[in-house]
Amino acid sequence: MAELRRRGLVTAVICSDPFLKLGQNQARTFGVPDLPLLMIKHPLGGISLEDVKARADQVIPKFVDVIRERMK
Amino acid sequence: MSALANLLNSPGASLEAAGDWDAVNQLVRDKGWSDGLPVVPPTAERVEAMLGYCDRPWDKPVGAIPPRYGEATPLRLAANAVMAGCRPEYFPVIVATIEAMCEEKFNLYGIQATTHPVAPLLIVNGPIAKELGINAGHNALGPGVQANATIGRAIRLALVNVGGAIPGSGDMSTFGSPAKYTYCVAENEERNPWEPLHVELGFAREASTVTVIGAETPHNVNDHESLSGEGLLRMIAGTIGETGANDIYYEGQPLVIFGPEHAEQVAADGYSKADVKKYFYENGRFPLGRLSHENIERRMRVKFPERFAKAGLDALVPLAQRPEDFLVIVLGGAGKHSAFVPTFGATRAVTRALKRSDGSLAGSINDLRRR
């Protein structure tokens, strides 16, 4: 993802709450500290397909914002 | 000026602390540089003594430890080895282990950052294991011997301090594992009726090696009753064939630890190591129906369509994908016990021989002294 960002693509990582710090650390480690981390409610594993879709609904607007910001 | 002084003069390479054990340990705690236990203060003199057993450049990384991808230079590793309480002669094992863990197939990023309770298990083979006094006998996986206690601890400290395996931000293990303090043994080659692990893997018997496995803690198999090899293998296979291990989902190399008495009985009944692995592959299984309906439908049928897409609930689930994927060692002292050690699953074991800088095998730890 860091490599794609460096190449100029619109990028973001979807991340559940407890993994925020790991995501931030990894973004810094890979030299893309401004990589957007789009948060979803934890957990992602062990949930129904319906709940997965709810997570997607939660995060899609955030990703649209990332794309819009880029197009400004 | 010592060889180390120049390196320590570079920015950030060293810091001053009050010359007091309590003050140093307070500093280490404040910085988050420990496993929670007190450390031996890594003074320049102690670190230099540790590096007396490193015949390669002290500032050239032997690998990069994820998730921080910190450069594992011998200098940094030596500081962590001192902190762990290692004797200098242990250091070549630590360097070889870090190198092994940084091989891609070990999947150190996954092992460091996962929610699974995995820790690197070090199995040392060959004459240097004995020279260093690494315990292969009674309580080898437990406390009591400096080499076992501190070599594994040095690896953990390097994983934390160089690799950034900080609980909650780099090490996301749900509840961790006692094996994350130390997990280091030598194989009991003298009581092994089969070829020792390193010879099985293609190394010369006189080579000294370290094999690193991304492992869970062991599950014991008590069997004081079986009088035959077949009986013992059946009991061990029963312990292997349980739900819950990562190995059912991936291509791991789960480990079977034979106590010497069990190994002797199985070998006496004519089983080679290959026979034993085949037995575990064929019999260390459980019926698909012991998994939850959701797990079967959402994972097993999807991930292994050829094996389970249309399988009935009595289809058997193996704990390794191939017979040869089972690893087998002999460990410990007297007693009718063996153990099963599941793994992280998405990892392969890596073995490194202890070698001089010219690539020749080290026959003794003294061959690895700096000249």
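Read along its sequence, chain A of this predicted model follows the pattern α-β-α-β-α. Chain A accordingly contains 3 helices and 2 strands. Taken along the principal axes, the C-alpha atoms of chain A fill a box of roughly 35 × 25 × 15 Å.

Chain A also meets chain B. The contact joins 12 residues of chain A to 11 residues of chain B. The size of an interface is often given as the accessible area lost when the parts come together. Between chain A and chain B, the buried area is about 770 Å², and carbon and sulfur atoms give 56% of that area. The number of salt bridges between the two chains is 0.

Within chain B, one pair of helices is described here. Two packed helices are described by the angle between their axes and the distance between the axes. Helix α4 of chain B packs against helix α8 of chain B at an angle of about 130°, and their axes lie 8 Å apart. The crossing of α4(B) past α8(B) is right-handed. By class, the contact of α4(B) with α8(B) has 7 nonpolar, 3 polar and 1 charged residues.

| Helix | Range | Residues in contact |
|---|---|---|
| α4(B) | residues 74–84 | B:Leu77, B:Asn80, B:Ala81, B:Met83, B:Ala84 |
| α8(B) | residues 146–161 | B:Thr150, B:Arg153, B:Ala154, B:Leu157, B:Ala158, B:Asn161 |

Notes: Residues are numbered from 1 along each chain as its sequence is written. Chains are lettered from A and ligands numbered from 1 in the order in which they are written. This is a predicted model: local features need pLDDT of at least 70, side-chain atom pairs count only at pLDDT 80 or more; totals for chains, interfaces and linings use all residues. Side-chain values use heavy atoms; hydrogens and water are left out. Axes are lines fitted to C-alpha atoms, for helices over the stretch in contact, and angles run from 0 to 180 degrees between N-to-C directions. Helices (H or I, at least four residues) and strands (E, at least two) are DSSP runs, numbered from the N terminus. A crossing is left-handed if the near helix is turned anticlockwise from the far one by less than a right angle, and right-handed if clockwise. Contact means heavy atoms within 4.5 Å. Ala, Val, Leu, Ile, Met, Phe, Trp, Tyr, Cys and Pro count as nonpolar, Asp, Glu, Lys and Arg as charged, and the others, Gly among them, as polar. Buried area is the accessible area (1.4 Å probe) that two parts lose on being put together, summed over both. A salt bridge is a side-chain nitrogen of Lys or Arg within 4 Å of a carboxyl oxygen of Asp or Glu.
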